[in-house]
Amino acid sequence: MTLSNATDWTIDQGWAAYSRAEHATWRTLFSRQMALLPRYACAAFLDGLQRLPIDGREIPNFSSINESLRAQTGWTIVAVPGLVPDEVFFNHLAHRRFPSGNFIRSADSLNYIEAPDVFHDVFGHVPMLMNPAMADFIQAYGEGGMRAYQLGVLPLLARVYWYTVEFGLVKESGALKVYGAGIASSFTETQFAIDDPSPHRVTFDLNRVMRTHYRIDDFQETYFAIDQLEDLLALSKIDFAPRYQKYRDARTFAPGDLIAEDRVLQRGTGAYFATRPAR
């Protein structure tokens, strides 16, 4: 993994240095997801993927993607060596730059990686940036993230990002569809999030989500579904300051909790998580 000396942690993608094996891993990941996502992904994801030079032949060149992405949305992808400090991440998002790892997982780790790689970041996130609601929401999240970081309440806002941008579902044509990148880039979680009886599916409520912990190393115990992608625009216009004051020391909920106020779409059995370590 290339390290960065830049204050913004950006590096050259190093596209020419990718090996044939790394391109083959991309092809495997891409083909697996494209066998699933026409059924599971929301229309905006599939449309965004089609409108960008992202395909199953090889790891995309960021320069080629940026030509289309910048012209249509004002966003660009910048290469980084992995996870970056929170304040760096927020600054990039606030200026419509999406940080992407330039490395790809190994062929023996197709289903799980600790740090987001180029497949998660580019395949999972970038197609949704073509949707105006998501594009503006992520920029607003970057701006809000810098404020939350300074106020010491970042976990409250991070939960919103997690349960929307990373692991969000949307109601579409009478069914639940995937728009979160953590799901869309995962062969196993794509199926689990929609089909498995174990997790809860609950209508998104901002106050509830801000108080709900999540799992970082396993499937989610609860998925929150927005009514439509345009709801993200409403979230981007909310003044979070009163909520930070209210929920800074409020009771929090475990990932698998249901509460009386929940609008439950599907009550999960919890069977998968009964065999997993508690979080």
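What is the volume of the largest pocket? The volume is about 1200 Å³.

## Basis

This is a predicted model, in which local features need pLDDT of at least 70, side-chain atom pairs count only at pLDDT 80 or more, and totals for chains, interfaces and linings use all residues. Residues are numbered from 1 along each chain as its sequence is written, and side-chain values use heavy atoms, without hydrogens and water.

## Largest pocket

A pocket is an open set of points on a 1 Å grid where a 1.4 Å probe fits, with protein on both sides within 12 Å along at least five of seven lines; lining residues have an atom within 4 Å of a point. A volume is the space filled by probe spheres set on the points.

The largest pocket is lined by 42 residues, and Glu114, Pro116, His120, Trp162 and Glu166 are the closest to its centre. Helix α7 gives the most to this lining, six residues. By class, the lining has 21 nonpolar, eleven polar and ten charged residues; Ala, Val, Leu, Ile, Met, Phe, Trp, Tyr, Cys and Pro count as nonpolar, Asp, Glu, Lys and Arg as charged, and the others, Gly among them, as polar.

## Second largest pocket

The second largest pocket holds about 230 Å³ of space. Nearest its centre, among 16 lining residues, lie Ala140, Gly144, Arg147, Ile238 and Phe240. Helix α6 supplies the largest share of the lining, seven residues. Eleven of the lining residues are nonpolar, two polar and three charged.

Key:
Helix = DSSP H or I, 4+ residues; strand = E, 2+ residues; numbered from the N terminus.
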